Amino acid sequence: MKLTSYWLDTAPAFTGTPIAALPAKADVVVIGAGFSGLSAALKLAKSGASVVVIDEGRVIGKASGRNGGHVNNGLAGNYGMACDKLGVATAARLYKVLNRAVDTVERIVTENEIDCHFRRCGKLKLASRESHMASLRADQARIALDVDPDSRLLEADALGTEIGSSKFSGGVLYPHSGQMHMGKFGIGLANSVLRAGGHIFENTPMTALRREGRITRVTTPHGVIDAGAVLLATGTSRHAPSYFRKRIMPVGSFIVATEPLDDATVRSIMPGHRNVVTTQNIHHYFRIAADNRLIFGGRARFSKSRESTDISSGEMLRSALQAVFPQVPDIRIDYCWGGDVDMTIDRLPRAGEWNGVFYTMGYSGHGTQMSVHMGQCMADVIAGNPHANPLENMPWPRIPMYGLAEHFLPAIGMYYRIKDKLM
Ligand SMILES: Cc1cc2nc3c(=O)[nH]c(=O)nc-3n(C[C@H](O)[C@H](O)[C@H](O)COP(=O)(O)OP(=O)(O)OC[C@H]3O[C@@H](n4cnc5c(N)ncnc54)[C@H](O)[C@@H]3O)c2cc1C
């Protein structure tokens, strides 16, 4: 079993800009070469700005290259609950932004001819218990009325053509969702930035940010860059200013990729070839990759993400996937990896300007599409259009006891496991 991301291991090689070419100034410095930063850099470079992207590690080395491969539309959580909390107008607007975000990914793939197996496969949200169907039914009815008339309720007897598992009591199909190879997309995006005239420096951490009049000085171990504007696209960075660290909690999620399966096995377990997410509190998410591997993810060990937990997480996920698909008892796991999800208090992302620095982050595990979309939106904001930010003016509460919260994760995990067993 390789303890590395399948997407990163099977992505094309990437060569960034040589460190010696780090410039002393740029119109825009983008900090973070994940999807948010690269997408923003692409739009800015295409508009003629001088753009420098710096990353403390490798391009798409964090969440963007370590996720489940789903490009899902709509909100991650319950739409009805979002309506109750935010008001119907805001919840509906956010739902539609997520829909547009999938269109943005598709457009960038097409315009830049990125070969990454993008396809609109649809997402199935499956009820892990009969008792979960009532809430799925009510939510789908409201979603169909307000924001997604194409979503469809599937009762248990209609699931046979979708999934080869008797574990589920029905579900909802969201046809607009897509999937892609995250490594091929990310490297394609990075190469498009270089082709548009941008520069990407790997292994170049931002160690300090200082405003001086109209410029921001970005300090790195290789030199200082004076930026006309800075976009902070660092996800869960522990080096981000404390304002951001108090509002984002890194929570580990884990994924395994099986050996490539033969076509008959794929037809027997995932005949619908959709993205699948389940309804438990500690839910699972899975799909088939283009080379027929089952990519199966979820919360495994409920602790802070650490590479050393990957092997035991892999074993937990193997048991979980065999419980869903008992017809493949001897399936081999080829890859297992983990990554940090950038959780906000309400699982909604945030973007804007703080102390003269632009930012976009906090996608809370539902960000392959939003990071790409928000990167483009924030490029427009930096170019002078503040209303291009669909998350403009959203208040952003702190995580209560933010420094301590992660120590309670094992207890929180235990609570949800018991809840999933009972309800
Ligand atoms: C395990 C896992 C599974 C997921 N599954 C899905 C899924 O199936 N579908 C979905 O929609 N979303 C999913 N997500 C979420 C999605 O991957 C992220 O929301 C999205 O990739 C965020 O992109 P980003 O560019 O904002 O952040 P990142 O990809 O984390 O990029 C941030 C970059 O900033 C760099 N950086 C940090 N600090 C500094 C610094 N000081 N100086 C320079 N560089 C710095 C990092 O090295 C990193 O490369 C998942 C996330 C994880 C972790």
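Which helices and strands each supply at least two residues of the shell around the ligand? I found helix H2 (35-46), strand S12 (249-258), strand S16 (333-343) and helix H10 (368-382). Helices (H or I, at least four residues) and strands (E, at least two) are DSSP runs, numbered from the N terminus.

A note on the ground rules: this is a predicted model, in which local features need pLDDT of at least 70 and side-chain atom pairs count only at pLDDT 80 or more, while totals for chains, interfaces and linings use all residues. Residues are numbered from 1 along each chain as its sequence is written, and side-chain values use heavy atoms, with hydrogens and water left out.

**Ligand**

I listed 38 residues around the ligand, with Ser36, Asp55, Ser64, Met206 and Thr368 the closest; near here means a heavy atom within 4 Å. Sorted by class, the shell holds twelve nonpolar, 21 polar and five charged residues. In that sorting, Ala, Val, Leu, Ile, Met, Phe, Trp, Tyr, Cys and Pro are nonpolar, Asp, Glu, Lys and Arg are charged, and the others, Gly among them, are polar.

Next I checked backbone atoms. Phe35 places a backbone N or O atom 3.0 Å from a ligand oxygen atom. For His70, a backbone N or O atom is 3.0 Å from a ligand nitrogen atom. A polar backbone atom of Met206 lies 2.9 Å from a nitrogen atom of the ligand. Taken alone, the ligand exposes 1000 Å², and the protein buries 97% of that (Shrake-Rupley method, 1.4 Å probe).

**Gln179**

Is Gln179 buried or exposed? I noted it as buried, because its relative accessibility is 3% and the limit for buried is under 20%. Gln179 belongs to strand S7 (residues 178-179). Its side chain makes a polar contact of 2.8 Å with that of Arg119 and another of 2.7 Å with that of Asn275. A polar contact is a pair of N or O atoms within 3.5 Å; within protein, one must be able to donate a hydrogen and the other to accept it.

**Strand S11**

Which strands pair with S11 (at least two DSSP bridges)? I traced strand S1 (residues 25-31), parallel to S11 (residues 223-232) over six bridges, with Val29 partnered by Val230. Strand S10 (residues 215-220) pairs antiparallel over five bridges, and Thr219 has Val224 as its partner. S10 and S11 form a hairpin with two residues between them. Strand S18 (residues 357-361) runs parallel to S11, joined by two bridges; there, Leu231 stands opposite Phe358.

Technical notes. Buried means under 20% relative accessible area, exposed over 50%, partly exposed in between (1.4 Å probe, protein chains only). Two strands pair if DSSP finds at least two bridges between them.
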